[in-house]
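Subject: The structure I promised you

Hi,

Here is the structure I said I'd pass along.

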Amino acid sequence: MSAAIAHSSLPTQVGLLAGRAVRRILRQPAQLVFPILFPLILLGVNASGLDAATNLPGFPSASYLDFALAIPFMQGALFAALNGGQDLARDIQNGFLDRLALTPMSGAALLAGQLGGALFMGVVSAMLYLVTGLLFGVGIASGVGGALVLLALAIVISFAFACFGTFVALRAGTGEAVQGFFPLFFVLLFLSSAFFPRNLIEQDWFRTVATYNPVSYMVEGLRSLVITGWDAQALLQAFGISAAAVVLFLALSSRALRMRLVRT
Amino acid sequence: MSALARTRSVAFAVAWRGIHNAFTNPAFLLPSVLFPLFFFIAFAGGLSGVQNVPNFDFKSGYTSFQFAFVCVQAAAFGGVFTGFAIAADFEFGFARRLLLAAPNHGGIVIGYMISAMTRAAFVLAVVFVAGLISGMSVDGSLADLLALLALALAVSAVSTLWAAGIAMRIRTMQAGPVMQMPVFILLFLAPVYVPLNLVAGWVHDVARFNPATALLEAARGFISGEPTKVGITAACLAGMFALTVLWARGGLRSAERAG
């Protein structure tokens, strides 16, 4: 790979590393199947287990499956971030990153290539969740255009979490540390409005936490396209927060990479 | 030394090691405490509005309703975490040395089971205190609470035997998902969020025949002071215990053959 890198342009370098990241995912079925299957199992279980909640006055949807379809997109993004981060940590631990640092590969290519794998996972899982939802009778209130926007938003969210996973991997440099952040990801999801509408959460402290939790707005943006239609405010908040997270964690990742390469 | 005394000696030694490791290394104990606590907070806090659903008839409130689930879940996952530890012991070679040194191999599995049950009792105590702090209503008597503890410890024993059977067959930590997923699926295909009569669709059909449903309903009966399905639950646990003993014994034989 290093010979190819020496005489290549930035897009080629990115392509080489992204291709490696994608091939690595495809060669590990556990990395592909579990992150995709687990959110679908949980969706199926929750859709039946919590369907009675749709009888509550003020519940925004007649079907809990419609309401909950946004959750797998978030979980898929979390798993993609975790796996992407762990792969990068493995590269750091086994010296691959150090060897790359000796080649003319640019830091930007390294980062973009690494994120390419996570982005691939985000696209595949988002499409699968949408198709599964449609097969099981979910109606997209915003229509075909809304379904495309839903995919776009899911991919941006997935990319934002991937940037976070990359930052943690570059800072900590070990797979264990990345794994240690997994509960935090899930705390963010569970302490949000993912499973219940904010206006129906009875515990004040939980509603407050959910209101300040940015994940709530990501979920609500995805959900609005499924159950409400075109809700400009929800979409702006979801895209805005996700884009801000991308910018923030990309900048932090870039800085962490520079520091790691200097140490190398 | 009689066979029973040898078994007891090995079991207590393995149990003490497991308990010592768990309570002196926060990295071992914290996940088994934090996960149930987190689920308790997330479910009892975030989904409390579910108790207003028509026909939701659990008199002690939603926090108690979810506490019973978290008790069973914590006990079950405590057993799975012990399975991870057994797999790690095999991966790092400790279990092989243990098999060579121990005069009675059954005692090893019993020891792991005792350590899992001790950890489960500790985790349940922590979650119980968290529940009381958050205003959980406990309508059951002391006898009901002791019965709930006994139920949770039995679940812990069964899940430890299940996970031990896997760990001793596969003998690598990569077996983690194989231990975890069936337990997770069994638990979540039961009435987790609402009583069985309010569960809809295919999950309702599965939950009717899922033994975890009886366990959850009995646990909820104990916490609300209205014991229910105690006989069915005891029979389910006895059946699962017998099956998992056979399963773990098969795993032990497999590990012995592997040397």
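Predicted model: local features only at pLDDT ≥ 70, side-chain atom pairs only at ≥ 80, totals over all residues.

**Where chains A and B meet**

On the chain B side 30 residues are in contact, and they touch 28 residues of chain A. Together the two chains bury about 2,300 Å² between them, with 77% of that on carbon and sulfur atoms. In chain B, the elements giving two or more residues to the side that touches chain A are helix H2 (26–46), helix H7 (176–188) and helix H8 (201–209). H2(B) has the largest share of that side, with nine residues. Sorted by class, the chain B side comes out as 23 nonpolar and seven polar residues, with no charged ones.

What about salt bridges, how many are there between chain B and chain A? The count is zero. Polar contacts do show up, though: four residue pairs across this interface, with both residues at pLDDT 80 or more.

**Cavities**

Searching the whole structure gives five cavities of 30 Å³ or more. The largest cavity has a volume of about 80 Å³. If you want to find it on screen, its lining includes Leu17(A), Arg24(A), Asp91(A), Phe96(A), Leu100(A) and Gln114(A). Four helices of chain A give two or more residues each to this lining: H2 (10–26), H5 (70–93), H6 (96–101) and H7 (107–135). Which of the elements gives the most? That is H2(A), with four residues. Overall, the lining of the largest cavity has seven nonpolar, two polar and three charged residues. Arg20(A) is also one of the lining residues, as are Leu88(A) and Leu110(A).

**Two backbone spots in chain B**

Both of these are worth a look on screen. Arg171(B) is not a glycine, yet has a positive phi of about 60°. You'll find Arg171(B) in the loop between helix H6 (142–170) and H7 of chain B. The other is Lys229(B), also a residue other than glycine, with a positive phi near 50°. Lys229(B) is in the loop between helix H9 (211–223) and helix H10 (230–258) of chain B.

That's everything from me for now.

Cheers

Key: Residues numbered from 1 in each chain as written. Chains lettered and ligands numbered in written order. Heavy atoms only, no water. 1 Å grid on protein atoms, 1.4 Å probe; cavity = no way out; pocket = protein on both sides within 12 Å on 5 of 7 lines; lining within 4 Å. Points joined across faces, edges and corners; volume = space filled by probe spheres on them. Nonpolar A, V, L, I, M, F, W, Y, C, P; charged D, E, K, R; others polar. Contact = heavy atoms within 4.5 Å. Buried area = accessible area lost by both parts, 1.4 Å probe. Salt bridge = Lys/Arg side-chain N within 4 Å of Asp/Glu carboxyl O. Polar contact = N/O pair within 3.5 Å; in protein donor to acceptor, adjacent residues only side chain to side chain.
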